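Here is a short briefing for a first look. Please keep the sequence and the model side by side.

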Amino acid sequence: MYSLGKPGTSAQRQRSQDVPSRRNVALGLLAGAVLFCCQLWAKSSLGQRPTPPFGKAAESLFLSVPSADEAVKASRRYASKPHLAGSPQDLVTAKDFLHHLQAELGIAPPKAEPIYKAGSLESKDAILSIPSSQGPRAWIDTYYPVLNTPLERSVQILDVSGKVELDLDLIEYLGDGPDGDASKYGDAVPAFHGLSPAGDVVGSIFDGGYCTKKEFDSFAEEGVSLDGSIVLCRYGGNFRGLKVKGAQEAGAAGVLIFSDVKDDGTVTEANGYAPYPSGPARNPNSVQRGGVQFVSMYPGDPTTPGYPSYENSTRTKGENIPKIPSLPLSWSNARVLLRTLNESDPFYGKRVRLLNNATTTVTPIWNTLAVIPGHITDEVVVIGNHRDAWVLGATDPISGTVSVRELVRGLGHLLKKGWKPLRTILIASWDAEEWGLIGSTEWGEDFTEWIHENVVAYLNLDSSTAGSRLRFGASPLLAHLIRRTAQELPHPVDKGRSLWDATTDDGKLFGVNGTVNSRGEVEPDSLLLGGPEFPWQKVKKAVKRVQAVNKKLIAFERGFISKNGIKHREWFKHLGVAPGTWLGYGATTFPGLTEAITLERNATLAKHESERLVELFDRLSDVIS
């Protein structure tokens with residue numbers, strides 16, 4: 001299976017402290033990918049058409065297009081209104097991105113908007129016909145996952161008789177400041193957890209720390225009972241959904257999760273920094289929304305594991321969603337609840353009520369896609385990021401969306417000059433990532449076979465602008481490409497340094513114009529080349545040599561895939577790396593063997609996983625030899 005969204009970006013909110021260095025690397029790395037896609041060009045023998053740009057000339061032309069002014073305009077365009085997945089404004093953004101693709105890539109808008117139901121003949125044909133596409137196309141696919149919408153929510157401290165003594169205000173007040181939109185829409189989307197079940201529970205507060213697997217194991221070893229309690233968890237250390245899972249398995253009745261200012265280092269109000277939006281310190285009323293499904297079991301629509309969520313899909317109950325309610329809290333509210341644990345406080349020992357009333361329904365979401373056909377028609381590079389946000393999402397995901405929009409403008413400019421990529425490029429704007437990588441996962445489950453046969457690489461952006469230090473993650477096979485590209489790009493604010501140098505920065509606050517298929521066959525009738533003297537045989541041999549190497553690289557990556565998958569979470573097939581069972585975001589290398597030792601502590605299972613890896617390595621050695 002393929003999950004083409006980046007796990008976990010939503011929980012790792014980083015304060016924009018300095019300059020948008022990551023957007024630069026996003027565009028730069030995408031430019032590197034574009035150059036990777038277009039290596040063959042020859043001059044026209046007709047003398048009537050200009051020679052298409054090639055190599056460094058194409059790169060320079062591409063990089064001349066993106067601009068800071070256009071990026072700011074695009075950011076304000078998408079991040080000035082809430083666009084929760086499945087909402088009317090979410091559909092507006094999907095259509096807006098579609099129109100941008102049409103305008104920049106020279107796609108004539110059809111009479112009827114190309115919005116297709118997933119599973120329909122039109123949706124299927126849009127992807128399956130890519131190898132035969134003659135020009136750029138763009139469309140929207142509509143999937144139908146289960147999502148929840150918040151209704152009534154409350155957190156109350158009760159007196160001994162059960163009457164409400166204090167009703168916490170759950171509205172995210174941010175106050176006046178330069179970010180008017182943040183104040184205007186502070187409660188446009190109530191603070192809630194995606195896919196948290198409805199529930200009304202009462203219990204004593206239990207301080208669970210960061211609610212990691214290690215901490216819950218420690219509580220159990222010490223004989224501490226969490227039965228019927230409401231566990232107070234800090235963000236950090238693991239994915240929020242696994243905090244709920246750990247509390248649920250320990251017998252808790254509910255979970256409240258907050259961001260502790262102690263994790264903000266020195267940038268706090270206590271040290272004299274003004275809170276956002278007037279300054280860089282955390283606003284004590286700010287709340288981190290997020291999804292709580294158990295993504296390390298499987299991502300996507302919980303009710304359609306392993307197959308796409310069409311409108312009429314058969315659905316399960318969902319095995320990777322919590323059974324106990326949870327809510328996100330602000331620091332200002334969390335510190336009030338912590339008073340119930342202080343023996344000298346009047347609130348000491350008092351119980352708390354957690355009410356989470358939500359409606360859970362099948363909800364339409366919209367993936368916007370476009371294809372730019374290449375010379376090699378059945379090798380596809382996919383470039384994408386998600387578009388939906390819990391509220392405004394200026395960093396996650398709109399900074400990534402802005403980078404992709406600027407990429408599209410650059411590609412469109414090259415297309416107007418007669419350029420064509422060597423490999424086909426598929427651009428995707430995924431929806432409903434925030435609930436658990438849903439839009440990308442459903443598409444991957446929908447077109448698994450086509451992806452296996454055609455997709456050679458995937459580049460993802462969610463938050464391309466945050467902080468001052470350049471960070472990225474990738475398959476090890478791309479490490480040299482990333483570094484080389486970053487070394488060739490200028491530093492965003494220091495002219496004497498490269499973008500790669502930003503990996504150690506600290507902020508002030510901490511060409512052939514024709515068709516070549518994967519068999520190296522060329523169709524000369526469609527080419528504009530240098531006459532009968534052109535060295536066709538050399539081109540064919542070069543293509544075959546390059547593709548032979550590429551096939552080995554692809555086979556090496558896919559060689560880690562096991563049909564049987566990882567124990568207890570068979571949706572994940574890759575034996576080399578997978579989300580840690582109790583991490584969610586963080587990757588675990590050789591997950592089957594590692595977790596047989598560290599979590600299962602099972603020698604027999606560890607031996608079995610070792611044998612599976614030995615067989616895998618033997619196959620890989622045959623692949624690359």
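The points below cover a sheet, a helix residue and some backbone features.

This is a predicted model. An open sheet of four strands runs in the order β4-β3-β12-β6, with antiparallel pairing. Elsewhere, two peptide bonds to proline are described: Tyr-276 to Pro-277 is cis, and Asp-396 to Pro-397 is cis.

**The sheet**
- Strands β4 (164–167) and β6 (199–203) form the edges, and each pairs on one side only.
- From one strand to the next, the twist averages 25°.
- Strand β6 is joined to β12 (residues 352–362) by five bridges, and the two run antiparallel.
- Gly-203 sits opposite Val-352 in β12.

**A buried helix residue**
- Gln-102 belongs to helix α4 (residues 88–104).
- Gln-102 counts as buried because its relative accessibility is 7%, and buried means under 20%.
- Leaving aside residues up to four places away in sequence, Gln-102 touches Ile-107, Pro-109, Pro-110, Pro-114 and Ala-138.

**Cis peptide bonds**
- Most peptide bonds are trans.
- The bond from Tyr-276 to Pro-277 is cis, with omega near 10°.
- Pro-277 falls in the loop between β9 (254–258) and β10 (290–291).
- The bond joining Asp-396 and Pro-397 is cis, with omega about 15°.
- Pro-397 is in the loop between β14 (376–386) and α10 (398–416).

**Positive phi**
- Most residues other than glycine have a negative phi.
- Cys-211 has a positive phi of about 55°.
- Cys-211 lies in the loop between β7 (205–207) and α7 (213–221), and is buried at 1% relative accessible area.
- Phe-590 has a positive phi near 45°.
- Phe-590 lies in the loop between β18 (587–589) and α15 (591–600), and is partly exposed at 32% relative accessible area.

Methods:
Residues numbered from 1 in each chain as written. Predicted model: local features only at pLDDT ≥ 70, side-chain atom pairs only at ≥ 80, totals over all residues. Heavy atoms only, no water. Buried < 20%, exposed > 50% of the residue type's maximum accessible area, 1.4 Å probe, protein only. Contact = heavy atoms within 4.5 Å. Pairing = 2+ DSSP bridges. Axes fitted to C-alpha atoms, helices over the stretch in contact; angles between N-to-C directions.
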